[in-house]
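Subject: Structure handover

Hello,

Please find the structure below, with my notes after it.

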Amino acid sequence: MEGDSLRSLSMRPARRAERSCKTDLKTRDFEGGFFSPVKALRDPIRMIWQRGCIRLFLVSAIAWVMLVLIALLFHVWSCHSEISFLSALCRKDSKVLVILDAIGFAPKAQHRCSIPLADDPDAIIIPDKTLDIIPKELLYVEVDNQFPPLFGGHQSWSEREDSFKLNKSMMVHCGFIQNGGAEMDLVDIRYVKKCKFVVASGIFDGYDTPHQPANISVRSQKLFCFLMVVDDVSLNFMKKNVSVRIDKDGGKWVGIWRIVTLHHAPYDEPRRNGKVPKILTHRLFPQAQYSIWIDGKMELIVDPLLILERYLWRGKHTFAIARHKHHKSIYEEADAIKRRKRYARPLVDLQMKIYVYEGMEPWSVKKSTLSDVPEGAVIIREHTALNNLFSCLWFNEVNLFTPRDQISFGYVVYRLGDAFKLYMFPNCEYNSLFILHRHTREHSSAVEWVKNMTEFKTKGSGLRETRGGLGLWNPYIADLSSVKLPPVTRTSLAG
């Protein structure tokens with residue numbers, strides 16, 4: 001016991017020294033650290049510097065985020081401003097607006113907006129013609145290989161596939177097969193040969209009467225031919241309802257419009273007939289270098305020379321068309337066509353299944369185009385060989401499948417890939433180019449109400465077209481029974 005007590009007493013100084021050492025180490029660590037409050041108290045300059053750096057970093061980050069948000073908000077606001085100066089600053093086709101719109105953060109699009117037009121048509125310099133590279137030479141099939149001959153010909157699936165393969169010299173189907181219909185009067189053929197700049201429109205089955213363009217400069221009146229393409233039904237309707245003037249050569253005029261009559265309608269369906277002058281403008285008027293197409297129910301209110309300068313020459317484009325107001329994917333547009341009864345539902349589905357099988361994906365921001373769906377009522381183009389080829393291929397899809405050209409447009413753009421360049425301008429500018437008038441009567445065709453294929457098999461129904469849409473009835477090269485259409489989300493109440 002006495003030994004233990006002595007050992008305990010002898011160890012106390014050592015323990016005190018050990019505790020004193022640990023305390024000194026802790027004190028040194030506490031006082032000597034970089035962020036030590038004690039050391040900071042001894043060095044106030046370092047404390048201010050440390051806190052200042054942190055605050056500066058936080059303030060800079062917040063300011064940067066605020067600047068980005070302000071820039072985005074100003075960009076969006078200027079694009080929807082009624083002030084012409086601010087609207088001119090905006091790039092309405094920018095990727096920023098497209099992405100914001102795709103995720104639902106862009107504000108509601110305006111119906112109309114100001115167009116940044118040039119001031120004086122007389123001051124516009126017309127550029128040289130764009131050189132053709134591929135194709136350099138474009139020829140057209142003119143004789144059908146079956147009887148009776150059809151306006152669009154009996155194009156086979158292999159011929160269709162080959163037509164999308166670009167070469168320097170190409171021969172493709174492009175309507176106007178001999179004895180297939182849509183013949184022009186000789187007096188009109190002679191007249192249009194002199195037309196280098198064309199504003200074209202069309203009326204079929206008497207659904208409209210010509211509307212006179214407004215704000216046309218003297219230079220444009222001399223430079224442009226204003227050509228209204230009609231069928232015999234529409235011509236007779238005009239003679240009864242508007243004043244048709246006959247010139248000394250036998251040409252027919254309604255105001256500024258020169259009336260060009262197509263005899264022997266090539267199709268059973270008036271909507272399909274209307275696609276002939278709309279898409280194949282270069283075939284009807286082969287000498288034309290530039291053309292502006294507007295639908296027959298529209299009244300043009302912008303000088304055509306200013307339109308060419310704004311949408312083609314300023315940005316060095318050769319093909320311009322507006323984006324659809326509501327839809328970007330052809331599958332959205334097809335769904336809307338079915339819901340609004342614009343063509344037989346099973347035939348629209350069949351066309352879409354073919355496009356799915358052939359690799360056409362729904363539109364997304366990853367695509368190079370701003371949209372796959374255009375507003376086809378206004379088309380602005382230079383008649384280059386590539387643009388003419390595009391028009392032929394687009395028409396062939398309309399001839400082969402449904403007449404709804406908005407769902408085949410994006411497919412042809414997809415098939416031609418990067419070789420075909422186009423400018424898709426904002427929809428609000430498109431609506432500022434014209435005044436829209438009502439049809440003289442509503443169009444309705446029995447085929448538009450068809451819900452299933454069995455309705456076509458009813459004897460005497462007369463629903464099936466006999467001269468168009470044959471690709472919907474001829475066996476396709478593959479089994480489409482397992483093909484599923486992409487899901488569609490309705491993005492607009494008007495869609």
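A disulfide here is a pair of cysteine sulfur atoms within 2.5 Å. By this rule the count comes to three. This is a predicted model, in which local features need pLDDT of at least 70, side-chain atom pairs count only at pLDDT 80 or more, and totals for chains, interfaces and linings use all residues. Residues are numbered from 1 along each chain as its sequence is written, and side-chain values use heavy atoms, with hydrogens and water left out.

Helices (H or I, at least four residues) and strands (E, at least two) are DSSP runs, numbered from the N terminus. Buried means under 20% relative accessible area, exposed over 50%, and partly exposed in between, with a 1.4 Å probe and protein chains only.

Disulfides

C113 and C428 are bonded with their sulfur atoms 2.1 Å apart. The torsion about this S-S bond is about 70°, so the C113 and C428 disulfide is right-handed. The pair links distant parts of the chain: C113 sits in the loop between α5 (95–102) and β1 (137–140), and C428 in helix α18 (residues 427–430), 315 residues apart. Both C113 and C428 are buried.

C174 and C392 form another disulfide, also described by a sulfur separation of 2.1 Å. Its torsion about the S-S bond is about -80°, so the disulfide of C174 and C392 is left-handed. C174 lies in the loop between β2 (169–172) and β3 (183–184) and C392 in helix α16 (residues 385–400), so this pair ties together parts that are 218 residues apart in sequence. C174 and C392 are buried.

C195 is joined to C225, S to S 2.2 Å. With a torsion of about -90° about the S-S bond, the disulfide of C195 and C225 is left-handed. Here the linked parts are the loop between α7 (186–192) and β4 (197–203), which holds C195, and strand β5 (residues 224–230), which holds C225; the two cysteines are 30 residues apart. C195 and C225 are both buried.

Histidine 282

H282 lies in helix α12 (residues 281–284). Its relative accessible area is 6%, so H282 is buried. Not counting residues up to four places away in sequence, H282 touches Y140, C174, H383, N388, S391 and C392, where contact means heavy atoms within 4.5 Å. Both cysteines of the C174 and C392 disulfide are therefore among the contacts of H282.

Helices α14 and α17

The axes of helix α14 (residues 330–339) and helix α17 (residues 405–416) come within 9 Å and cross at roughly 165°. Axes are lines fitted to C-alpha atoms, for helices over the stretch in contact, and angles run from 0 to 180 degrees between N-to-C directions. α14 and α17 are therefore roughly antiparallel (over 145 degrees; under 35 is roughly parallel, 65 to 115 roughly perpendicular, the rest oblique). The contact is made by I330, E333, A334 and I337 of α14 and by Q406, I407 and G410 of α17.

Of the 10 residues of α14, eight are buried, so that the helix is mostly covered. These are I330, Y331, E332, E333, A334, A336, I337 and K338. What covers them includes α15 (345–357) and α17.

Regards
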